[in-house]
Structures are given as C-alpha cells and as structure tokens.
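Open the model in your viewer and keep the selection tool ready.

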Amino acid sequence: MKVFGEDGDTLLVDLKKSPRDKMATDMPVSLRDHLVFLELARFYSPISWTPKTLPCGRKPLPYCSPLYPELLVDFNAVVCHINSPSDFYIQVVNKMETLILMSKLQDFYSQGGHGLEINSPYLDQACVALFEDKVWYRAQIIGLPGSRTVEVRFVDFGNHMTLSVNNVRKIKDEFFALPAMAIQCSLVDVKPLRSADTWCEESIKKFSEMTGEKLVTAMATGVATRKNILLVKLFETSETSDKTNISEVLVKEKLARFRKGMRLETCELPATGKEVWDPPIEENGEIPEPDPTTMGFLAQGEQENLPINPDLELPDSLKDIRVKVTHVKSPGSFFVQLLQTDGQLKRIHLKLKEEFSKSDPVLMDWKENMHCAMLINGVWERGSIITTFPGNIAEVKRCDFGNHVLLPFNNLRPLHQDLMGSLALECCLGDIRPAGGSSTWTATACDFISFYLTGAMAIMTVKENTSVRPVPVVLYCSNNAGQDVSVADYLVGEGLALKERNLAKTKFETGVQLEDIPTVEDCSYGEESAPMPLYCPPAAAHRTFPKRERSQPYSPPDLPHCGRMQVLVTHVGDDGVIHAMTSHAEQIFETLKTDLQQHIKSLPRQRPYSWALGHGCAVMGSDMLWYRAEVLEVMGGNVKVRYVDQGLIENIPMCHIIPTVLYKEVPRLCIPCQLHGVIPVGTVWQTDAVALLKELLQCRSVDMQIMELPSEPLGKVTVQIHFDGMTLSRIMEHHRHASRDPSVSVPEEALMTSSNKELENWDLNIMGLTDERPLPGLFTYPPFPDTGEHFPVRIKHIRTPNEIVLCPAVESASVADSEGLDAALKRVNEEVHSLPLLTDFSSEAPCLAKYSDGKYYRAKLLKIENFNPVKVLVRHVDYGSDDSLTTDCLREIPVELLQYPCQGIEVKVAGIRPPEVDDEEQRLSYKPEWSLKSIIEMMDLLHGKQLTASVLSTEPEITAHLYDEDEMLVLLPLVDKGLADLM
C-alpha cells in the first residue's frame, strides 16, 4: 500500500504489486490505475502518476537504444516508416540477428502466447503487438486512449498504431537481447520550402515514392542531441547509373530548399572507393598489366580489350575475401561468388546474349555432364546437364550460381569450349559437424542456414585451397554491432552443429573409468585424455602424438553358450538391433535397480563438466528412477545416452545426469542381437520393419536360439527367435521386410505336429453346420488371341516392370439377353446393403469389395492378412489392384455378376528381368529385386501410348511381348538405363 495523503480521517492510498514480487501473475501493478484503464473510475487529483515512474516504484524495462552507424561511412538501409523528410525511420540491412529474432518471435507468439496477456497496461511498457498483417512485432505502449485500447509504437519500424488490449502480449526477456532496430532520422541538408517546420504533402509524397520501403545508401553526418535524431544523407541506388542524392532531387523539383551554407554541388556522396589511381611505376619503367579482378572499375572500352577468364581463380591471399552466397544446400555444401569476379560474370553474360539471343532451337541429343548455354528468366547463362527427363526436359546446373533448374530443350544451346567453366565456388563450413549423432545435416540446420545466407554478402577465409570440392572455409556475416560473426559458431550456439574435436588433446572431467587414470574419487577436474571421436579423418592413422587407449566404462555382457533359452527383449533400436536379457540377468537387474535408488538419494549440485563420447554416467529416467548409462552425443543442453542394461537410447537434460560410474564390477546386462539368415530390404531395416519388430518383441519373453557369437566383446550376437515353431526371420520374409541370405543355409521349417496322439482321434459332428445354399462359381476370363498374333491392349495395373495387368482392347461377345457389366454393377450398388456379408473366406472365393470411393466392385480373396482386427487381402479382378479390407466391407456376390469375364488379366512381360547390378537404394517393398526408379520409368514409358501385345505362351502363366506404335519393344529403354537386364 502507498499513501498519497489524507482526506479528513481517511487515508488516500493505492494498492500495488510489491516490487519484490517476481511471480508472473495477472495482479495489476496498481489497482488504482487498473480501475481507470477499465473505465470504472477516473482521476480527480493531480497526484496521479506520470509515465516516468510506475506506481510500484519501478521504472518500466526499456528496449536498448538503437545502434547508430559510424559517421561519414556509407551503409545500406531500408526506409521503414516516413512522417516527413525531417522525421523518418530506417533499418540497417544485412543483420542476421534481426531475422533470427523475428523468426523466434513468430514461432513463440503464433501459438497464442497463453499466460502473457496484458490486463493492466501502463505507459512505456515493452510488449509484443499484432499488426494488420497478422504478424507479431516488438512494440512499446505510448498511450492509453481508453475503451480497452492502447497506442503502441513498433520499435523496429517506427510507426504508431492503436490496438485492442487483446492484441498485445507481454514480452519475454529473451526478446530484449537486441536493441530497437528503427533509427529515427532527418535529412541533414534540406528544410521545408515555405515553412520552417511543416512539410507540404507534395514533398512528403515525392520523398515516400523515392525511399518508402526501398533499399537506399545512407551516410550519417551527426546526431541531434535534443531528440537523438540521426542526421543523414540518402542516395538512391541503381545498377545502371550513379547514385542520386535525394536531397538534390527535392531541391531541383522545388519541394525543398537547402539549409543555410549548403549548395547543390556540395551534396554529392563522396566517391569512396571509386577513384582510379595511376598505377605504380616499376623500377624498369613499365606499367603492369591491369588485373582482371579490377575490371569493374575500368571503362567499358578497357574491359572489352581484356580477355575473358571463364574459370574461377582464387586470389593469392585466401583471407578476408568478400563473397556473395548464391545457393545453399547445407552447412556442408553451399556456393559463393567472389565480388571481384562481378565484372567477368557480366561480360560472360553479355557475350552469351550477343551470341544466342537471336538463335533458333537446335536438335541435339543432350546427355549428362554436357556444357550448354541456357535461357533462364530472360538471361543467358552457362549450365551443365545433370540428367534428362521424358518430354524434352533437362535438369541443368547453373555453373555460376550452383543451384539446379528444370528447362525445356528449346532453352538450351551448345556452348563453345572457350566459355566453359564456372565462377561459383562450392564451400563447406570447417571445424563443425552435424548435431544429433548423425553424419548428415538435419533438415532444420539446412533450412536455417539456407533462409539466412542465401543472397547474403559475407567475408570468407579459405582454410585449404585444394582441388577437392567443397572447399573448407570460415564464413563471417555482420551483426547489429557491426562485428563479423562466424556462421559456424552461430550454428553451434543454436544447437544445430557441434565443434569438431581436436583428436590430439581433449579435456574432460572425470566420471569415466579409464585404465590409465585414477578412480572417480581420486580424479581431479582437468584430466587430459583422448576420448573416442564420432568421426576420425582419413589422416588419423598418421598422427604423431601418443595414442592413449581407453577402456569402456562398463565391461561387456556375459554371453551365454550357443543353444536355446528364454530371454526378455528389453528394447528394439531404430536400426533393428534387438537388446535381450537372460533370466539370470533379469534377477541381477532388479537387485541393481534397487541398490541404485538407495545409493543416489537426490540430485547432486551441478558442476561444470565437459561431456564426451563414451563417458559413463547415472541418469534419471522418465520413471524418476536411476539407471546406469553411457554418453553417445552432446546436443546443446541435452546429452544423448544409452542405458547400458536395457539398450534404450534417449536424450536426457544435463541436470538429470551424474558424471560417475557405479557398480563397475557388474557387466552390461543386455545383449545386442541380430537376426540370422536374412538381409533387410535395402541392407538396413526400414521404418515399417522396425515397427513390426517392436510390436512382436518389445518387453516380451521369447524363445531365442544363439547361432553365432561375435568376434568383438561388444558385437552383436546372431540369433534365431522362435514363435510356436515359426522363426522371426521367416515372418520378416513373409511380410517382405527381408530376403533370405544366400550365403547362409537355412533348413526348411517342418510343420509342427502334436506329440499327444490321443488328440488326433476327433469325433466331429458337422450336422447343422453345412450351408445348403449353392456355392457361387469362380470368375471366368475372356479368350486370348492366338499365339503370335498382335492385338491392342489397355494397361489396367502395374506391379513390377515384368508383371502387369492388362485387358485386350477388342470387343468380346456380350452375354445374351443381359445388360453390360457397368450397368449391372451400378444396379447392384443401389441395393448393395440388402446383400449379406461375406461368410466364406476361402482362397480365390469371389465377392464384392468396397473401394475408397464408397462403391462395391468385383474381387476375389487372396488371404487373411490380420486377425486383430480381421483384415482380408482381396484383388479387384477388373482392375488388378489389391486392397486390405475389414469383413464389413465384403459382401456376397450375386450370381448374375459371375457371367461377365474378368476385365484384368495378369501377364508376364517377356524379354526383361531384374538387373544383377543395381545401385538404387529405394526398392519395392513387395519385390525388392526391383528398384522404385524402375517402376516410375515404366509408368512414363507406358503412359499415353497405344500399345499392342503378342502372346508367347499361356502355360504355366501368360507371357507376352509389349510393343509401341512403331512396333518396338516398349520396355527396352529400361535396359539402356541399367534398370533391367535382357533375358
């Protein structure tokens, strides 16, 4: 309570939030002012508070003042808000932190900012406000007009706006990190034409047309001390002409006048960096030849006399090279242009334009790695063919920029030998590696660096000039303070990258039991060792420093002898590795878990610790119990660990980890295992295969047979897991997640029979169980033309390049006195709910199956695919596609629909077979011998063509050749591209 005075026997007070109360609640800082804001009361005494001091005695937390640029130095800026030529706001461009701040601000407040609503605003309060474009910006409250509205000033742009209090939120402390971006400015050398203070509308309109939300060149000449207004000169920038002084334009058009002492000729921008000095005279009196890198400063006639160098040549000094980032793939691959090659690039583009602007398209067989001139966005550039696609489309690399584009052949021309080359340098950020334990950069890191670096100006230092691409570099960008910040360090600070460790000397704190250092109790911080790195460069074998061997923090598990046993599967990793625990290990684990909880009563006080790969530790799991673990990776404030007794991998906050090795004498209790006799599709277990393994195994006791022990102590044990006589390997083959390893001889699995002979004599009574209704027949197929006869066909479905479903495109004799198939199906669908549900689930049984469009079509049963819930695999006989449906989507087929022959006939395409050598990684899960690319290529070959077929044989399956309009085998291009082999 704050006392303001007395009114008779009554104290005049205000109830306020205590200055010591740091809790984030909705309690207003002043009850008196809150009532006034809600228009439930009004001030009647001059003792009301001023905006300089809050009622609670605390000043509002302000934004940092904007950073003013250096005086008399040119800089690029954007005019973001204009009141008049004497009152406008600018933002300095090329500030990476500004873009990152805005991105984080949107990510946080676009979710609603719950809990940060402002119920009692006060003057000068920093906040975040929602603008008309539905984007959140930093702001400051400058007025309280009433009706639950506030007037705010956007500190990064300078404009004012009146908003509802519902569109304003409290600002988090982290968004105070950067100063206000908007700098209030005034033109230094002009003033209004007719009045000392007021600008006419014509002057403001002209000034806005020239500068509003445009990139300009500015030069600060001073600061007005009264209001801290920056006095500047503004210049229009143009690629085709010199810079234009905006003050001059206003004066020439009689919209402004110069201040006293200023003249027209004195308002030009100082020509910094554009003077052409006489070249130095050498001792022999000769003038050195001009450097091609300075051609941008030579006259047009002098540039034309210099030879064109089509390839990039790095300067002698590899430090502090000014570059422009043209294309970004990831921190490990991006392209830059040296600014000193701008003149060369313009001359190359001009020469290409003169040569090809009036040329006609040429017929040419474009192939990979061919150089070309290409027309893109109206500009002729140099390119290199990456690949071609059907429809005369080519994927082309822009040699001088690095990115790939798709262009029609009509936009390509052959390029002369003397113009082949590239002025774009492929680089990578040195001394960093991807975070998260992966060898590839995450999509977040790639999107982050691509968003902020593409098109940016930077300073680059080449670490090593080699012919290998990408070249390792150090890249710097300017921050708000005008300092050059390393992009690699910024990625590390954002948790998107990790510093590459020095293999020769790495400091870490104790907690890992090493053979050559003392125990945990005797160790001191700062002990040096060489922990195992995640990545060892090729030159690691030639290191000259002493190599120190390090033992594992926990000993390997005790491996049982070969044979069968019951084990508990504790975890199945994302890589398909099965972690199992024997019955004896289960008992030890329960005892160990109890002892760990008694040993660690609470979280210890945190101390600085340098984690490294392989360190042993104790971690608190999600069940709030302690377990033994080892470190796999450090990612920002989290540590990626593996539970050594269960095999589970998790990201744990550092506050839940203790750097100590407990019960070192107890070996690891889980055994890593791999399946015997199978090879995963694509050589690695796919996501759906891992999901099936987890569903079958995780946290279950299974019958395991050890087939082979590993050669390494921590290697994977080769096992076979049995389920009631069927092996897990066979199950994975059945679901087409793996194929049998040809190098391993696997005996055929015998059918399991009961050992109790008494159970074989059954007295079964089937009376009343038989169905007296006649069984429906089977589907019939249309007659095929004779062998060797060519006939037109329509493709219904494609399973693999050599297995298709087609239908002869010839009219067959219709069924006498009956309607067509389409009409019959339409009639049946109108009354489909009156048909009984299917009860006969025998193989090849005909039925009506519901499709995704809600209609029923003719189908036959293939097999029961799942039992909980029951799902049946069916094949639509008129189309060839398969579908997995529940029983409520299957109905008995009327007999009259069986009289129509099937419209889809399964045919084996002759002449091709799967390739013996195929480097494509993406495979067909149901036919892993074929690649995904082969099926896509076949679709392109068959699409939109009039095809004919010729039957070769009908037994044991229909085999035929497919021909196009020119009577050529339509699938031969698959062989040419290495996607299939000839039979």
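A cavity here is a set of grid points where a 1.4 Å probe fits but cannot get out, and a lining residue has an atom within 4 Å of such a point. Keep that in mind for the third stop. Note too that this is a predicted model.

**Stop 1: the whole chain**

Select everything and colour by secondary structure. The protein chain has 14 helices and 55 strands. Of its 983 residues, 42% count as buried. What share of the contacts between residues at least 6 apart in sequence join residues at least 24 apart? The share is 62%.

**Stop 2: arginine 875**

Select arginine 875 and show its side chain. You are in strand β48, which covers residues 870-876. Is arginine 875 buried or exposed? Its relative accessibility is 15%, so arginine 875 counts as buried; the cut-off for buried is under 20%.

The side chains of arginine 875 and glutamate 906 make a polar contact at 2.8 Å. Then widen the selection, leaving aside neighbours within four places in sequence. The contacts of arginine 875 include Arg799, Arg858, Lys860, Gly880 and Asp882, as well as Glu906.

**Stop 3: the largest cavity**

Stay where you are. The whole structure holds four cavities of 30 Å³ or more. The largest cavity has a volume of about 70 Å³. Which residues line it? Select Tyr781, Arg799, Val805, Lys860, Arg875, His876, Val877, Gly880, Gly904, Ile905 and Glu906. Arg875 and Glu906, the pair from the last stop, are both among these lining residues.

Now show the strands again. β48 and β51 (905-909) each supply at least two residues of the lining. Colour the lining by class.

**Stop 4: lysine 977**

Lysine 977 and serine 934 are 43 residues apart along the chain. Draw a distance between their C-alpha atoms: the separation is 9.2 Å.

How values were computed
Residues numbered from 1 in each chain as written. Predicted model: local features only at pLDDT ≥ 70, side-chain atom pairs only at ≥ 80, totals over all residues. Heavy atoms only, no water. Helix = DSSP H or I, 4+ residues; strand = E, 2+ residues; numbered from the N terminus. Buried < 20%, exposed > 50% of the residue type's maximum accessible area, 1.4 Å probe, protein only. Contact = heavy atoms within 4.5 Å. Polar contact = N/O pair within 3.5 Å; in protein donor to acceptor, adjacent residues only side chain to side chain. 1 Å grid on protein atoms, 1.4 Å probe; cavity = no way out; pocket = protein on both sides within 12 Å on 5 of 7 lines; lining within 4 Å. Points joined across faces, edges and corners; volume = space filled by probe spheres on them.
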